[in-house]
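Colleague: Could you walk me through this model? I would like to start with a single residue and then move on to the whole chain.

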Amino acid sequence: MWGLDASLTYFLGFEWNLALTYSHLGMTDFYNPITKNKDPINAPRHKGSMKLQYNPRRWPFTGSLNARYVGGFNWSSGIYYGDIKPYAIYDLHAGYQITENVKFNITLNLSLIHI
């Protein structure tokens, strides 16, 4: 089995940063000597993510926008099997520091399947 994992974080200033990740899996199945068939790896060939984060030093709030993509892949476990369709997940996070020990956070999620 072989693959590639890469990540890059870029600081856009003291309050903003951007993080990117990418993973590539070089194979999608393997020969199973017990069943004498090819079985899926149960993982996507391609996946990646992006995060844009804002963390101001002057104000008590934070925010980030995250996106994640997972490519489709075959899946099998015992008698269960099927195709996992490609999907993407988007998150919007916001936080407000009320006191030194209390912070209010809210997250909105959007999932897109069958891209």
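Colleague: Is N42 buried, exposed or partly exposed?

Modeller: N42 counts as partly exposed, at 30% relative accessibility, where buried means under 20% relative accessible area, exposed over 50%, and partly exposed in between, worked out with a 1.4 Å probe and protein chains only. Before we go on, please keep in mind that this is a predicted model, in which local features need pLDDT of at least 70, side-chain atom pairs count only at pLDDT 80 or more, and totals for chains, interfaces and linings use all residues. Residues are numbered from 1 along each chain as its sequence is written, and side-chain values use heavy atoms, with hydrogens and water left out.

Colleague: Where does N42 lie, and what is its phi?

Modeller: N42 lies in the loop between β4 and β5, the latter covering residues 46-54, and its phi is near 70 degrees, a positive value in a residue other than glycine.

Colleague: And what about the phi of K36?

Modeller: K36 is not a glycine, yet it has a positive phi of about 55 degrees. K36 sits in the loop between β3 (29-32) and β4 (37-40), and with 59% relative accessibility it counts as exposed.

Colleague: Let me change topic. How many helices and strands does the protein chain have?

Modeller: The protein chain has zero helices and 10 strands, where helices (H or I, at least four residues) and strands (E, at least two) are DSSP runs numbered from the N terminus.

Colleague: What radius of gyration does the chain have, beside that of a compact globule?

Modeller: The protein chain has 19 Å, whereas a compact globule of 115 residues would have a radius of gyration near 13 Å; the radius is taken over C-alpha atoms, and the globule rule is 2.2 Å times the number of residues to the power 0.38. Along its principal axes, the C-alpha trace spans about 65 × 30 × 25 Å.

Colleague: What share of the residues is buried?

Modeller: Buried residues make up 18% of the 115 residues in the protein chain. As for contacts, meaning heavy atoms within 4.5 Å, residues 24 or more positions apart account for 39% of those with a separation of 6 or more.

Colleague: Back to single residues, then. What does N66 touch, leaving aside its neighbours within four places in sequence?

Modeller: Leaving those neighbours aside, N66 is in contact with M50, K51, I89, Y90, D91 and H93. N66 lies in strand β6, which covers residues 61-70, and it is buried, with a relative accessible area of 17%.

Colleague: Which side chains make polar contacts with the side chain of N66?

Modeller: The side chain of N66 makes one with the side chain of S64, at 3.5 Å, and a polar contact of 3.4 Å joins the side chains of N66 and H93. A polar contact here is a pair of N or O atoms within 3.5 Å; within protein, one must be able to donate a hydrogen and the other to accept it, and residues adjacent in sequence count only if both atoms are side-chain atoms.

Colleague: Where is V70, and is it buried or exposed?

Modeller: V70 is also in strand β6, and it is buried, with a relative accessible area of 3%. V70 and I89 are 19 residues apart in sequence and 8.7 Å apart in space, C-alpha to C-alpha.

Colleague: Last one: which side chain makes a polar contact with the side chain of S23?

Modeller: That is the side chain of D5, at 2.5 Å. S23 lies in strand β2 (residues 16-25), counts as buried at 18% relative accessibility, and touches L4, D5, R45, H46 and K47, not counting residues up to four places away in sequence.
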